[in-house]
Amino acid sequence: MITIPCAVATPYFKWQIDLFQYRHFQVYGDDAVNKTIIPIVKRNHITDEIQHDVDWDLRLPYKMVDSVLDMLNLTESQHVVNNVFTAAYQVSRDLDDDEYLEIIDADLFHLKKHDGYLPKDNEVVVDATYENWHLHINGANYIIVEEHLKHDNEGYMNGGFNVILKKKTFDLIYDEAVEVSIKIAKEHPNSSHSWWALMYGLNVACHNHKIKMIDERNCYYPHINEINDNQHIAHYSCDPKFNKHKYPNVDSATFPDNKFYNIVKEWMNATS
């Protein structure tokens with residue numbers, strides 16, 4: 001399985017990838033270089049200068065990739081959420097069709113080696129904590145996606161993200177996921193729905209292609225759920241203690257004593 005954490009060529013993402021890299025080597029040892037490709041998007045906003053390389057002391061493989069804005073001639077920053085998929089698409093072209101991809105944002109890292117279920121050709125593995133947390137795609141927000149659904153069969157969408165799937169399955173749903181995401185963002189501009197647009201797009205594309213989304217509940221979200229041994233990865237996007245929007249101005253003395261926070265504290269000490 002190749003983990004693909006999408007970053008952007010800014011200092012804000014530099015430290016996130018440093019944390020990802022630190023932990024990836026801890027988990028996979030020398031094999032870490034075979035377990036990831038880091039796409040680094042050349043710019044995040046249409047007004048940003050295009051960056052052709054970064055000096056981030058990277059020991060893991062990386063590749064500079066085009067922004068979705070430049071790929072699809074878009075200008076609105078609300079569409080940059082699609083970089084998670086468009087970046088993964090660009091770095092995965094030379095991989096075998098049966099290779100497993102784990103497509104994630106930069107603000108995640110592995111707690112342990114993935115030892116969970118691997119999906120079949122007509123499945124994707126996700127974490128559906130997002131559904132009850134905020135997406136509600138099978139509830140209050142079904143109206144957001146309803147017009148984009150192409151059949152009435154149920155059981156394919158579960159509101160999940162953090163995708164694990166075969167490369168050929170990714171290729172099957174990629175175009176529609178991005179297209180639907182862009183449409184939903186335009187239909188609901190500058191809203192939570194535009195921020196979640198790619199999550200909607202993934203769910204719709206899986207539904208339309210009859211790709212079943214399998215919820216493995218394999219991710220720890222500090223402040224949202226409880227850590228457990230089933231989780232192989234952590235996502236700190238909304239953590240008020242290890243607050244990515246305030247880092248490095250965070251107080252590690254306030255961190256609870258669990259595996260996630262102990263890893264972060266160790267990394268902070270190692271890089272201070």
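Which residue of β4 does Ile2 stand opposite? Ile2 stands opposite Leu101 in β4. The model is predicted, so local features need pLDDT of at least 70, side-chain atom pairs count only at pLDDT 80 or more, and totals for chains, interfaces and linings use all residues. Residues are numbered from 1 along each chain as its sequence is written, and side-chain values use heavy atoms, with hydrogens and water left out.

Strand β1 (residues 2–8) pairs with strand β4 (residues 100–105) in the parallel sense over five bridges. Strands are DSSP runs of E with at least two residues, helices are runs of H or I with at least four, and both are numbered from the N terminus; two strands pair if DSSP finds at least two bridges between them. β1 and β4 belong to an open sheet of seven strands with mixed pairing, in the order β3-β2-β1-β4-β7-β6-β8. Its edge strands, each pairing on one side only, are β3 (62–65) and β8 (212–215). From one strand to the next the twist averages 25°.

Helix α1 (residues 11–28) lies across β1, β2 (38–41) and β4, and runs at about 160° to β1. Angles run from 0 to 180 degrees between N-to-C directions, with axes fitted as lines to C-alpha atoms, for helices over the stretch in contact; contact means heavy atoms within 4.5 Å. Helix α8 packs on the sheet as well, touching β6 (123–127), β7 (161–166) and β8, and its direction makes about 40° with that of β7.

Helix α8 (residues 197–208) also meets helix α6 (residues 167–187): their axes come within 7 Å and cross at roughly 135°. That makes α6 oblique to α8, since angles under 35 degrees count as roughly parallel, over 145 as roughly antiparallel, 65 to 115 as roughly perpendicular and the rest as oblique. Among the residues in contact are Ile173, Val180 and Ile184 in α6, and Leu198, Leu202 and Val204 in α8.

Helix α6 takes part in an aromatic pair too. Phe85 and Phe170 are edge-to-face, at 5.3 Å centre to centre and 90° between the planes. Rings of Phe, Tyr and Trp (its six-membered ring) pair if their centres lie within 6.5 Å, and planes under 30 degrees apart count as stacked, over 60 as edge-to-face and the rest as tilted. Phe85 lies in helix α3 (residues 83–91) and Phe170 in helix α6, so the pair ties together parts that are 85 residues apart in sequence.

A further open sheet has three strands in the order β5-β10-β9, with mixed pairing. Three bridges join β5 to strand β10 (residues 233–235), and these strands run antiparallel.
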